[in-house]
Structures are given as C-alpha cells and as structure tokens.
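Open the model in your viewer and keep the selection panel at hand. The tour goes stop by stop.

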Amino acid sequence: MTERSTRRSAGTVVPTGSVCTCESAAGGRKGNGRKNNAAANPDRNGRSDSDTTATNGSCRSNLDRARTRARREQADFLANLSHDLRSPLTSLREFVSIVEEGLAGPISDQQREYLGIALRNADAIAEMMEHLLVLTRMQQESFRLDRRRVNLAELFQDDTLPHEDRPKEKDVSFNVNVDPGLPDAYADPDRLLEAVRNLVDNAIKYSGDAVTITIEAAETRGSMLEIRVRDTGHGMDADTRRNLFVRSYRGSQAGRKMLGGLGLGLSIVKEIVDLHGGRIRVRSQINEGTEFRLTLPQFDAKRILTESLDEMWQAADERGGGFAFVHAGIKESQGALSPSTEEAVSLVRQVLRKTLGPDDILLPEDDAGGAVRFVLMVGKSSVTATVRRLLRTVEERLKMQSGTYVEWESGPTWLHSENFNHLKEMADVIFHQWCCAREGKDAA
Amino acid sequence: MRRKKVLVADDDRDIVLALKIRLEAAGYEIVTAMDGKEAVESIRQEKPDLAILDINMPEGNAFAVLDELRDDGIEKLPVIFLTADTQEKSQVKAFHRGIRHYLTKPYDPKTLLVLIEHALDEKRRGAA
C-alpha cells in the first residue's frame with residue numbers, strides 16, 4: 001500500500017511480492033525543470049529504492065523522505081524570513097537616505113560621508129537578502145522553470161546585460177560573441193539571464209579598476225550548448241576554485257572573504273544550471289581571470305515531447321487514470337502578433353504556470369505564423385475549465401482595450417484515454433502540428 | 001497650480017512616514033492611512049489624485065479596497081501597489097484588476113517618484 005502523500009513513485013512498477021512498503025525515493029528525472037521530491041534518482045537500469053526488498057520502516061527511502069521534507073521546510077522558512085525582512089530593511093534604507101539627502105535638515109560633509117557608508121552596507125544587506133530569497137524560492141517545492149525555445153544571441157544582446165548601478169570607478173567593457181545561427185537552447189530565459197548576470201556581477205566585483213567580460217556560446221557534444229563567461233579579473237587560487245560549489249567550504253582567509261561575497265550569487269547560478277539539467281565548470285588562475293562554463297540542453301521538440309509524455313505517464317500511472325492534452329491557441333486575424341496580444345500571451349503563460357499542478361506540464365509554446373499555441377498535459381479536467389476561462393478573459397480584454405480581433409485557432413480539447421498507445425498517437429498528431437509546420441525537415 | 005494629493009496606505013508606520021517625508025519634499029500633499037478601512041474612507045473624503053497602496057494591510061488589503069470603491073469610480077484613480085510580495089501571482093492578480101504600477105520593497109525612491117509622475121501623467125492624458 002503506497003502512501004498518497006508523495007506525488008511520485010518509480011516509473012518501474014513494483015511487482016507484487018516485493019516487500020518494501022516505503023515510497024520510492026526516485027521519481028522524475030533531474031533537469032526536468034522542477035525539484036525532485038527525493039534525494040535519489042533511479043539508477044541506470046531504472047531501478048530505484050522501491051525495488052529494494054526490505055522490512056517496513058528500514059528502507060533507505062524513509063530517510064530520504066525525511067531529509068527532503070526537512071529541506072523543504074527549511075526552504076519555506078528561509079523564504080518567509082527573507083520576505084519579512086524586506087519591510088524593516090526598506091525603512092532602514094529610506095531613513096538613512098532621507099537624512100543623507102538633507103531632507104531632515106542640513107548635514108555636514110562628514111555626516112554625509114558616514115551616512116553614505118551606512119547606506120552602502122544597507123544596500124549590501126538588501127542584495128544578500130534578494131539572493132537569499134531567490135535561492136530559497138528556487139529550492140521550494142512549488143518552483144518551476146518556464147522553459148522555452150531560446151536563441152542565445154537574442155538573449156545576450158548588449159543591452160540586456162549592463163547595470164545601471166555599476167560602480168563608476170570601474171571601467172567595465174563587454175564582449176558578447178554569440179552566433180545567432182547556433183541551435184536554440186531549451187531554457188528559462190529569465191533564469192538564464194539571471195545566472196549570467198550573477199556571474200557578471202561577480203566578475204565586476206572581483207577585479208581591479210578595469211575589467212573585460214566576454215560572453216560566448218558554442219555547441220557541444222550530446223546536443224548541448226555551452227555558455228562561457230570570462231573575465232580579466234583577480235582570478236582565484238586552486239583551493240578556492242576546487243571548492244567553489246562545495247557547501248561548507250572553510251578555506252584560506254582570502255578564499256573565505258571572496259566566497260562570502262560570491263557565495264549566494266554563485267549558489268543561484270548553480271541552482272539554475274542544475275534545474276536545467278546542465279553542468280557548471282570553472283577555470284581560473286590568480287591574476288589571470290576566471291572563466292565559467294555552463295552547459296544547457298538544446299531545444300529538441302521531439303525529445304521534449306517524449307520526455308514529457310513519459311513523465312505524464314508515470315504520474316498518471318501512480319494516480320490511476322489518464323491525462324489530457326489541452327491545445328489552445330491565440331491568433332490575430334491581421335497576421336503578426338500585436339504588442340497587446342504579446343502582453344496577453346505573457347500573462348496567459350504566467351497564469352498557466354500558476355494554475356498547473358505538480359503533475360501537469362506546459363510545453364513551450366509555438367509561435368509560428370501569427371498564432372501562439374499552448375499545449376498542456378494535465379491530470380485533472382478542472383484545469384481545462386480554468387484554461388478555457390482564462391483564454392476567454394484574455395480575449396475579451398484584448399477586444400476591449402485595443403479592438404484587436406482575436407481568433408481561436410482551436411479551443412481547449414479534452415482528450416482522455418487510459419490507453420497509453422492511443423495517447424502516443426494523439427501526441428504524434430499534436431507534435432506534428434506543433435513543431436513541424438516551422439521546422440519542415442525535422443518532421444519525422 | 002494646486003499641489004497633487006497622494007494617499008499613502010500601509011500598516012507599517014515607519015514606511016508611511018518615510019514616504020510622507022519623501023513625497024512632501026517632492027512637492028506632493030500627503031494623506032495617510034494605516035489599514036484598508038482607513039484607506040477607503042480617505043479616498044472617499046479626501047479624493048486624492050493618486051493612491052499608493054500596500055497590498056497586505058489589515059482591515060482589507062489593497063484588492064479589497066479597490067473592490068469596496070468600485071461604485072465610487074475607483075477605476076479612474078491611478079493606483080500604485082507597493083509591496084514586499086514579489087510573488088508573480090500577486091502581480092498577475094494586480095494585472096487582472098487593471099493595476100499597471102507595481103513596486104516592490106525595498107524600492108528605489110527615484111523610481112517611485114518617476115512612477116508617480118508617470119501615473120499622474122497618464123491620468124492627465126486620459127489614458128488611465
């Protein structure tokens with residue numbers, strides 16, 4: 001008898017006769033864009049902890065479950081704490097700032113200088129808190145990446161990277177060198193930008209008066225893409241470098257000082273890369289700068305759909321029952337999408353992410369030919385009703401605001417089947433509609 | 001030309017004071033409220049040109065305030081949500097209610113002032 005509290009069990013069906021009554025520690029693959037419930041993944045043969053015969057209560061997965069729960073509770077705790085710290089921090093900064101600007105009466109130069117120092121430190125706290133909040137949110141159960149087809153050259157254009165609050169004493173130059181012809185990545189563009197921005201921030205921090213930051217990307221084997229962020233800054237010693245991603249590093253004085261600042265920002269980068277199923281590596285030498293290499297998967301429609309189907313099937317199997325495709329579209333009769341429709345699409349995407357449950361999947365939308373198609377796989381029919389309502393609301397608002405006429409390409413379609421092969425056939429049809437219109441030669 | 005009147009509603013006394021100091025220095029007339037109920041009364045009586053509302057207030061959060069004032073023509077009042085909440089779902093909810101201006105704490109005072117000008121400007125041009 002499996003407990004209902006865990007959302008996933010292993011993809012392999014535990015044969016009757018196996019004694020272990022614990023939930024499996026496995027489920028979902030790492031890099032599926034969301035947090036796994038458990039610490040362990042199935043090994044290469046798809047075996048997981050639930051295949052271990054064991055007496056009640058002594059399975060390793062009990063421990064994993066407890067560990068996961070503790071981690072989740074801590075993430076929730078930290079997220080709430082970070083959130084609550086915002087108001088007092090705001091007041092702190094505001095009042096120091098108000099006095100420093102002379103709004104509470106004239107102040108001497110020395111007073112201004114000291115208040116400036118206080119403000120700078122308040123800003124440092126604010127930045128650390130931001131990082132903490134971001135990091136803990138990503139570690140929470142409910143976090144999901146919003147992965148789409150991303151062209152890296154478009155993402156890393158010069159104007160997406162620079163900072164307004166870059167220290168003025170530093171001379172920072174950027175060198176973005178990404179071939180627009182590279183295959184697209186399958187990534188959450190906002191998170192990816194965030195990761196790169198964090199690396200850039202660190203590069204600026206840990207450098208002298210002038211620094212050059214280079215951003216490049218290239219294809220690598222295994223249908224991956226590699227993003228390189230290189231700087232001409234201080235670099236780091238071998239000890240620091242080797243321990244960069246180790247949680248409880250207690251290295252040299254210099255190393256520790258560096259990590260104290262880098263710590264959270266880098267943790268975020270690693271978290272983001274892990275969620276994408278990628279890898280992060282670093283090369284560095286003292287006084288010779290640092291290079292970070294992030295690997296991410298390329299956008300591969302067929303692979304994404306197949307993996308999603310597998311996941312969906314596992315979840316449905318565990319729940320008992322089928323699942324459904326929801327296939328809806330927003331289109332403009334004029335042809336290309338207007339800004340207000342794009343805004344609506346963005347909103348729909350945001351709301352859909354919030355609406356979906358842990359077992360639902362939203363595929364990256366296709367926006368070929370002046371229409372935007374959303375394809376979802378959901379485990380509950382109530383979600384289709386929500387989607388239908390949402391799209392209708394959006395349609396009405398667009399009509400009201402801009403007079404743009406929005407056409408349904410095809411309304412939400414509930415297809416329910418408990419026959420996996422039948423679902424695979426339907427998936428093939430949708431797959432062809434979804435990506436082959438654009439890719440032509442990739443249709444297979 | 002008369003000074004523009006801005007309502008600031010937040011249950012945090014310090015934040016209300018900080019905003020009052022800043023905005024008065026920038027030339028606005030300030031009215032304050034410490035909870036949802038006071039905010040509703042203030043808007044009805046004082047008829048501000050713009051309202052800055054913290055989302056999570058007692059006695060009615062910002063959404064409840066907007067609901068309560070629906071019959072008073074609240075749609076025409078420029079509103080800025082100021083909040084510690086960065087969760088997307090609040091932003092989405094705000095969008096649904098037609099709130100375009102959303103600022104999270106800690107806010108940059110310059111940004112807030114620009115946002116206020118922009119919102120008042122929008123209203124003046126009849127776009128809000």
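Is A:Arg230 buried, partly exposed or exposed? Select the residue: A:Arg230 is partly exposed, because its relative accessibility is 30%. Keep in mind throughout that this is a predicted model.

**Stop 1: around A:Glu291**

A:Glu291 has a relative accessible area of 7%, so it counts as buried.

Now show A:Arg293. It makes a salt bridge with A:Glu291, with 2.9 Å between the closest N and O atoms. Both A:Glu291 and A:Arg293 are buried.

Together with A:Arg230, A:Glu291 and A:Arg293, they are linked in a network of salt bridges. Over all chains, the structure holds 23 salt bridges.

**Stop 2: a link between helices**

Select A:Lys205 and A:Glu127. Here the side chains meet in a salt bridge at 3.6 Å, N to O. This pair also links distant parts of the chain, 78 residues apart: A:Lys205 belongs to helix α4 (residues 189-205) of chain A, A:Glu127 to helix α2 (residues 109-139) of chain A. A:Lys205 is partly exposed at 40% relative accessibility. A:Glu127 is partly exposed too, at 34%.

**Stop 3: helix α1 of chain A**

Show residues 60-100 of chain A, helix α1, and pick A:Glu94 within it. At 3% relative accessibility, A:Glu94 is buried. Bring in chain B: A:Glu94 touches B:Ala18, B:Arg22, B:Tyr107 and B:Pro109.

Then move to A:Leu85, in helix α1 of chain A. A:Leu85 is partly exposed, at 37% relative accessibility.

**Stop 4**

Switch to cartoon for chain B. Its 5 strands make an open parallel sheet, in the order β2-β1-β3-β4-β5. From one strand to the next, the twist averages 20°.

Next, select helix α1 (residues 13-25) of chain B. It packs on the sheet, touching β1, β2, β3 (50-54) and β4 (79-83) of chain B, and its direction makes about 170° with that of β2(B). Helix α5 (residues 109-124) of chain B lies across β3, β4 and β5 of chain B, at about 170° to β5(B).

Finish on strand β1 (residues 5-9) of chain B, joined to the parallel β2(B) by 5 bridges. There, B:Lys5 stands opposite B:Glu29 of β2(B).

Terms used:
Residues numbered from 1 in each chain as written. Chains lettered and ligands numbered in written order. Predicted model: local features only at pLDDT ≥ 70, side-chain atom pairs only at ≥ 80, totals over all residues. Heavy atoms only, no water. Pairing = 2+ DSSP bridges. Helix = DSSP H or I, 4+ residues; strand = E, 2+ residues; numbered from the N terminus. Axes fitted to C-alpha atoms, helices over the stretch in contact; angles between N-to-C directions. Contact = heavy atoms within 4.5 Å. Buried < 20%, exposed > 50% of the residue type's maximum accessible area, 1.4 Å probe, protein only. Salt bridge = Lys/Arg side-chain N within 4 Å of Asp/Glu carboxyl O. Lists of a residue's contacts leave out its neighbours within four places in sequence.
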